[in-house]
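Visitor: Please take me closely through a single part of this model. I would like the open sheet and the loops beside it, then a word on the whole chain.

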Amino acid sequence: MRTYYFLLIALFSLVGCTNRTQPTAAYDAMEADVQVEVIPSDDTLKLSDIYTTAYDIVAFHPVVLSYISDIIKYDSTWIVWGQCAEGHILQFDGRGAYCKTLLGIGNGPKEAVDIISMKLYGNSLYCLVNYGTELLKLNLTDGSEEWRMRMPDTICSAADFEPLSENQFLFLKSVYRGSPTHESRLYTYDRTANRILAERLELDKRTGQYISFGQKNCLYRYRDSIRYYEVFRKGILQYNDTRMDLQGYLSFVENVYSFPDDRLFGEYTFDSFIETCEESPYIWAHSNLYEGERFITSVFRYRHHLYLNVIDKCSSRSHSYRWMRDDIVTDAVTPVEEGLSRLAVAGRVHYYTLSYDCLSRLIESKPASGFNQQLQDATAGMNEDANDLVICLYEK
C-alpha cells in the first residue's frame with residue numbers, strides 16, 4: 001500500500017523550441033546567513049536522538065486508502081489526501097474514523113481527476129488539481145466549493161503552489177511549455193485581477209528534459225514565511241512578500257560531493273542522465289525537504305543508495321544517515337528506504353507512515369508480541385489491505 005515517494009522519476013512530454021544555448025542560472029547559489037555541508041555517511045540515526053520517546057499512532061478507518069500522500073491536522077480532525085473509492089481528499093475525526101469526503105473523483109463540482117498539491121490557509125483548503133491546470137478553494141466550515149479557476153496558459157501544468165493570501169498565490173512550474181520568449185519557475189499571481197504580478201528563476205527547456213524527478217513539498221510555509229527548494233538547488237530560498245522576490249535562507253556549502261554545473265548541464269537523454277548520476281561521485285536527487293521547529297529532514301541519492309539528511313537549526317549542522325534505528329516505535333534497524341516513511345511536518349510534529357509491508361518484514365524478524373503495547377493495539381488485525389498507520393513523532 002505504501003508508495004515510495006522518495007524517488008519517483010517521471011519524464012515529461014515537452015513542446016516548443018528555444019534558441020538558448022547557455023545553461024540557466026536557476027541553480028546558482030544565493031547568499032544565506034546559515035550554511036551547512038551535506039556529506040554522505042554510512043551512519044545510523046537513532047530516532048530518540050531527535051525525537052522524544054512519546055508518540056501517537058493514528059489508524060484511519062473504515063475506508064481503504066490506496067495510498068496516503070499528505071496529511072493536515074485541522075482543529076480536532078485530520079484532512080487526508082489518499083485516494084479511495086470515496087474520493088481523493090477525506091476528513092477523519094481525531095481518532096481516525098471517516099467523517100466525509102472533501103474532494104471526490106470525477107469532473108463535477110467538488111471533484112477532480114487527480115491531485116497535485118493541497119494547502120491549508122485559514123479555514124479553507126486550496127487544491128491544485130487536474131494535472132496542474134486548475135486551482136479550487138474548499139470551505140472547511142461548510143464543506144462547499146467556493147470557487148474553481150483555470151490556470152493561466154503561462155502557468156498551466158503547475159507543479160506546486162502556496163497561498164500568499166486568499167486570492168494571491170505563488171506557483172511553481174517545472175515543465176517548459178514552448179514560449180517564444182522565456183518561461184519561469186515561480187510566478188506570483190493575483191486571481192481577482194487575473195494577472196501575473198512577478199516571475200522569478202528562468203526555466204530552461206534543455207535541463208527540463210532530463211532533470212525530471214518527482215519531488216514533494218517544493219513550496220512550503222514555515223510560520224509566516226514561504227520557502228522554496230527543488231532537487232539540485234544549492235540551498236533553500238525564502239520568498240519576500242514586499243519585493244515579490246527571493247532571498248537566501250540556507251545554503252549548501254560546495255564540497256567534493258556537490259554536483260558540478262559542467263556535469264549537471266549537458267547533452268543528456270533522460271536515461272543517460274540517471275546513469276551519469278548513479279555512477280558519479282556526487283549527491284543527486286536531493287529532494288522532499290520538510291522543515292520542523294528544530295530539524296529539517298530531506299533525502300538524497302549517492303551512488304545507488306538513499307540517505308536521510310538531518311539539519312539541526314539550533315547548531316546549524318547537517319548529518320546524513322544510511323540507516324535508521326527506530327528505538328521509539330518498532331525497535332528495528334533498517335535502511336532509510338525500508339523503515340518508517342516521512343509524510344509531513346507541522347511545527348515540532350513529524351508525521352511518518354508505517355505500512356503493512358514494512359510491518360510484515362519486521363514481524364518476520366521478531367514476533368509481533370515483541371512490539372510495545374501501543375503498537376500491538378494499533379496493528380491488531382492489520383493485513384495487506386490495511387491502511388498505512390500514521391506515526392506522530394515529536395521533536396526534542
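Guide: Strands here are DSSP runs of E with at least two residues, helices are runs of H or I with at least four, and both are numbered from the N terminus. The model is predicted: local features need pLDDT of at least 70, side-chain atom pairs count only at pLDDT 80 or more, and totals for chains, interfaces and linings use all residues. Residues are numbered from 1 along each chain as its sequence is written, and side-chain values use heavy atoms, with hydrogens and water left out.

Start with the loop between S5 and strand S6 (77-84), where Asp75 lies. Asp75 is not a glycine, yet its phi is positive, about 50 degrees. Most residues other than glycine have a negative phi, and most peptide bonds are trans. Buried means under 20% relative accessible area, exposed over 50%, and partly exposed in between, with a 1.4 Å probe and protein chains only. Asp75 has 62% and is exposed.

Now the sheet. Two strands pair if DSSP finds at least two bridges between them. The sheet is open and has five strands, in the order S5-S6-S7-S8-S9, with mixed pairing. S5 and strand S9 (111-112) are at the edges with a single partner strand each, so one side of each has no neighbour in the sheet. Inside the order, S6 and strand S7 (residues 87-92) are antiparallel, with five bridges. Trp78 stands opposite Phe92 in S7.

Go back to the loop between strand S4 (51-58) and strand S5 (70-74). Pro62 is found there. The peptide bond from His61 to Pro62 is cis, with omega near -5 degrees.

Another positive phi belongs to Arg223, near 55 degrees, again in a residue other than glycine. Arg223 sits in the loop between strand S19 (219-222) and strand S20 (225-228). Its relative accessibility is 58%, so Arg223 counts as exposed.

Last, the whole chain. It holds five helices and 31 strands. The C-alpha trace spans about 65 × 50 × 40 Å along its principal axes. Of the 396 residues, 56% count as buried. Contact means heavy atoms within 4.5 Å. Among contacts between residues at least 6 apart in sequence, 55% join residues at least 24 apart.
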